[in-house]
Amino acid sequence: MNIVLLGAPGAGKGTQAAKLVEKYGMCHISTGDILRAAVKDQTPLGIKAKGFMDAGELVPDDLIIDLMKERMQQPDTENGVLLDGFPRTTTQAVSLDSMLSELGRPLNAALLINVENEAIVKRLTSRRMCRECGHIGSVKDGDTCPKCEGEMFQRDDDNEETVRNRLDVYDKQTAPLIDYYRGKDLLLSVDGDRDPDVVFADVVALLDL
Ligand code: AP5
Ligand code: MG
């Protein structure tokens with residue numbers, strides 16, 4: 001299955017993706033994770049992307065589309081992908097359609113995770129992530145990852161001012177994709193403001209896994 005995970009920053013895309021990977025071994029592609037790795041390694045892409053990411057703005061479409069065209073050619077995508085954070089603009093969505101059609105693969109669903117903005121601000125300002133294994137947790141985990149004992153850190157874009165800008169950017173540039181996928185009869189929607197395992201049970205049922 002090829003699935004797009006839609007939802008505002010902090011809606012729980014990464015959290016639900018990790019559960020899908022754990023249970024079904026899906027090929028998870030997070031453009032945010034790829035970009036953060038590029039920033040850390042100071043690659044040409046990372047150097048171009050850093051300023052946009054730190055400000056909570058979107059990285060330009062041409063950079064993201066080139067990155068995804070290359071990623072979608074890799075053999076681990078052949079049995080389906082779980083796209084997290086891509087597409088984020090109508091231009092990216094149209095480009096994904098042509099990538100998949102050139103590869104002869106369908107898009108099966110766009111799954112929207114719904115959460116109110118104020119709940120998101122609380123979640124993101126208290127989110128912490130593991131430097132070693134990528135575990136998504138919160139300030140309650142302390143400095144040590146509960147999964148691998150690696151160091152927990154706060155993302156540079158998880159301060160309140162940047163989070164609010166990310167939410168504005170989402171409303172203006174990404175939310176139109178809800179209608180885009182509804183128009184293609186691919187939109188599924190889940191209430192993301194419940195316990196992550198309860199959300200996951202709905203996700204599994206909606207995707208008919
Ligand atoms: P990206 O990394 O994709 O960030 P995002 O979309 O802002 O989303 P997040 O990763 O912040 O949230 P999430 O939905 O994954 O939530 P999570 O599961 O972590 O992108 C970062 C930046 O990269 C962008 O701003 C942009 O600059 C650039 N970029 C990336 N892709 C791009 C693209 N395609 N085009 C252009 N630019 C691009 O959960 C959040 C917190 O909530 C965690 O603490 C978690 O534990 C908690 N939580 C999760 N679920 C629940 C629940 N059900 N109940 C309570 N707490 C929960
Ligand atoms: Mg994420």
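**Tyrosines.** I looked up Tyr-180 and Tyr-181 in this predicted model, and both are buried. Buried means under 20% relative accessible area, exposed means over 50%, and partly exposed is in between (1.4 Å probe, protein chains only). I then searched the whole structure for aromatic pairs and found one. Tyr-180 and Tyr-181 form that pair, and it is edge-to-face. Their centres are 5.1 Å apart, with 90° between the planes. For the rule, rings of Phe, Tyr and Trp (its six-membered ring) pair if their centres lie within 6.5 Å; planes under 30 degrees apart are stacked, over 60 edge-to-face, and the rest tilted.

**Ground rules.** I number residues from 1 along each chain as its sequence is written, and I letter chains from A and number ligands from 1 in the order in which they are written. Local features need pLDDT of at least 70, side-chain atom pairs count only at pLDDT 80 or more, totals for chains, interfaces and linings use all residues, and side-chain values use heavy atoms, without hydrogens and water.

**Cysteines.** I searched for disulfides (cysteine sulfur pairs within 2.5 Å) and found zero in the whole structure. Cys-133 is partly exposed, because its relative accessibility is 42%. For Cys-145, the closest cysteine sulfur is in Cys-133, at 3.8 Å, so that is too far for a bond as well. Cys-145 is buried, with 2% relative accessible area.

**Ligand 1.** I counted 32 residues around ligand 1. A residue is near if one of its heavy atoms lies within 4 Å. The closest are Thr-15, Glu-57, Arg-88, Arg-127 and Arg-166.

Next I checked polar contacts (N or O atom pairs within 3.5 Å). A polar side-chain atom of Thr-15 is 2.6 Å from an oxygen atom of ligand 1. A backbone N or O atom of Gly-14 lies 2.9 Å from a ligand oxygen. A polar backbone atom of Gly-137 is also 2.9 Å from an oxygen atom of ligand 1.

How much of ligand 1 does the protein cover? The protein covers 91% of the 1,000 Å² of accessible area that ligand 1 has on its own. I note the method: Shrake-Rupley with a 1.4 Å probe.

Which elements give two or more residues to the shell? They are α1 (13–24), α2 (31–40), α6 (117–125) and β6 (136–138). α2 gives the most, with four residues. Helices (H or I, at least four residues) and strands (E, at least two) are DSSP runs, numbered from the N terminus.

Technical notes:
A polar contact is a pair of N or O atoms within 3.5 Å; within protein, one must be able to donate a hydrogen and the other to accept it, and residues adjacent in sequence count only if both atoms are side-chain atoms.
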